[in-house]
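This report describes how one chain is divided and how its parts meet. The sequence and the model are shown here.

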Amino acid sequence: MVVIKSIKSRDVRCPTSLDKTGSDGMNLSPDYSASFCIIETDSEFTGHGMTFTIGRGNELVCGALDLLAPLVVGKSLDDLTADWGKTWRYLTSDSQLRWIGPDKGVIHLALGALVNSLWDLWAKTLGKPVWRVVADMTPEEVVRCVDFRYISDALTPEDALAILQETRIGREDRLAKVLRNEAVPAYTTSAGWLGYSEDKMRTLLQQSVDEGFQYYKLKVGTDLDEDRRRLTIAREVLGYDKGKTLMLDANQVWSVSEAIAHMQSLAEFKPWFIEEPTSPDDILGHAAIRKGLSYTPHGPIAVATGEMCQNRIIFKQLLQAGAVDVIQPDACRVGGVNEVLAILLLAKKFGVPIVPHSGGIGLPEYTQHLSTIDYLVVSGRKSVLEYVDHLHEHFLHPARIEKGHYVTPLEAGYSVEMNPASIDHFTYPGEKGKSWWKTKEAEAVLTAPRVHPL
Ligand SMILES: [Mg+2]
């Protein structure tokens, strides 16, 4: 029996704002960061989970993690995993902490890290990667991982069971593809950040073409002429008739009517979808945008969102309202594996494909498991998954791409355990002589403007 002894939070920040990696229409200077949750036990096993942020505020999530820790310290892993749906409800039921959510915000980001660290620990004790833990469950066991409160008007446990039983057909063939690294095609955003020069963009796009990628995503949404200039460059490299799919991402910069007008003007570049055209909370707004883009002279443009959708309830409403063509759940903005399973099941029920959000430190490490679970256990369909080629070197088992596909992770756990030296190097505010944040170089980042001047 493994008993949880302590939980430590670590505030880790990589200074990506130095080269504008991750920059987009809304987020001008992100420092890719992770609030780590590290579980220590009375055994040799440890659990590692994290949630992604882009810098300032990471300390708030670490503080929230410290507040959630007493819910699991002293508990046995067997007790916590015996009825996962019940455990998940328990972890969201400290009413004083729930008041500063519920199911959203800082407390929910921290919950994602905590729940995922428990899955990492559990998978390590079972000697399996997380995707395999779920794949080896019976449909009944998968259903028991989910808290159906607030979603049963759209998806009942019986619906979920029927979906999972039906998807078992063809499972062996799909498992063979998983083990041959053919289950999760990747798309790249590496060339698409707004802060990159034309030369850097061309070079990175060509590099991605040479590496075998078929799907490419670019940031848009600052200025229409600038977007047209960048999309012209992209299509010059990718062409229109070479089977290369282009996706666009506005990171919430538009109101509903602006989104429709702006995207109608970019339709000639034939994007598959526009991601986050407006506020992630605006379900009816997304429905209006989808309707407004269902016809353009160049064909319809699909609507995608999800990386900042805070919980399964928002996803439920987006699906019920017919507001989106693609949903993009994040592995740790929602409450970890259990809530993602609820969202995958909802997506399958409504026949909408998933494209999990993966643009951030540690996210590809997580989402490779989630896309594999969706393919093998829930939808039975392949989807594409974002791959951002940054910062993987800091992880013990980094996500890898071969021939445009994710290499299925086989190591036990959830793949986000970071090299201890990297954690120390990027700990904020950190110690002098240990942390990058105490060096002279860090001053430029620490004193950079936080927002556009008034
Ligand atoms: Mg995005």
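The model is a predicted one, in which local features need pLDDT of at least 70 and side-chain atom pairs count only at pLDDT 80 or more, whereas totals for chains, interfaces and linings use all residues. Residues are numbered from 1 along each chain as its sequence is written.

**Domains and their contact**

The domain assignment of the chain gives domain 1 (4–127 + 420–446) and domain 2 (164–406); such bounds come from an automatic or database domain assignment. Taken over C-alpha atoms, the centres of domain 1 and domain 2 are separated by 24 Å. Contact between the two involves 29 residues of domain 1 and 31 residues of domain 2, where two residues are in contact if their C-beta atoms, placed from the backbone, lie within 7 Å. On the side of domain 1 that touches domain 2, strand 3 (46–53), helix 3 (84–91) and helix 5 each supply at least two residues, and the largest share, eight residues, comes from helix 5. Helices (H or I, at least four residues) and strands (E, at least two) are DSSP runs, numbered from the N terminus. By class, this side of domain 1 has 13 nonpolar, 12 polar and four charged residues; Ala, Val, Leu, Ile, Met, Phe, Trp, Tyr, Cys and Pro count as nonpolar, Asp, Glu, Lys and Arg as charged, and the others, Gly among them, as polar.

Apart from neighbours within four places in sequence, Leu114 is in contact with Cys37, Gly49, Leu65, Leu68 and Leu91.

Helix 5 is followed by glycine 127, whose phi is positive, near 70 degrees.

An open sheet of seven strands has the order 9-8-7-6-5-4-10, with parallel pairing, two strands being paired if DSSP finds at least two bridges between them. Strand 9 (326–327) and strand 10 (385–387) stand at the edges, each with a single partner strand, so one side of each is left without a neighbour in the sheet. Seven of the 10 residues of strand 1 are buried, so strand 1 is largely enclosed by the rest of the structure. Two strand pairs are set out below.

| Strands joined | Bridges | Direction |
|---|---|---|
| Strand 4 (residues 186–188) and strand 5 (residues 215–219) | Two bridges | parallel |
| Strand 1 (residues 4–13) and strand 2 (residues 33–41) | Nine bridges | antiparallel |

Threonine 188 has tyrosine 216 in strand 5 as its bridge partner, and isoleucine 4 has threonine 41 in strand 2.

**Histidine 286**

Histidine 286 is found in helix 13 (residues 283–292) and is buried, with 27 other C-beta atoms within 10 Å. Not counting residues up to four places away in sequence, histidine 286 touches Thr278, Val303, Thr305, Leu318, Ala323 and Val324.

How values were computed. Buried ≥ 20, exposed ≤ 12 C-beta atoms within 10 Å, placed from the backbone.
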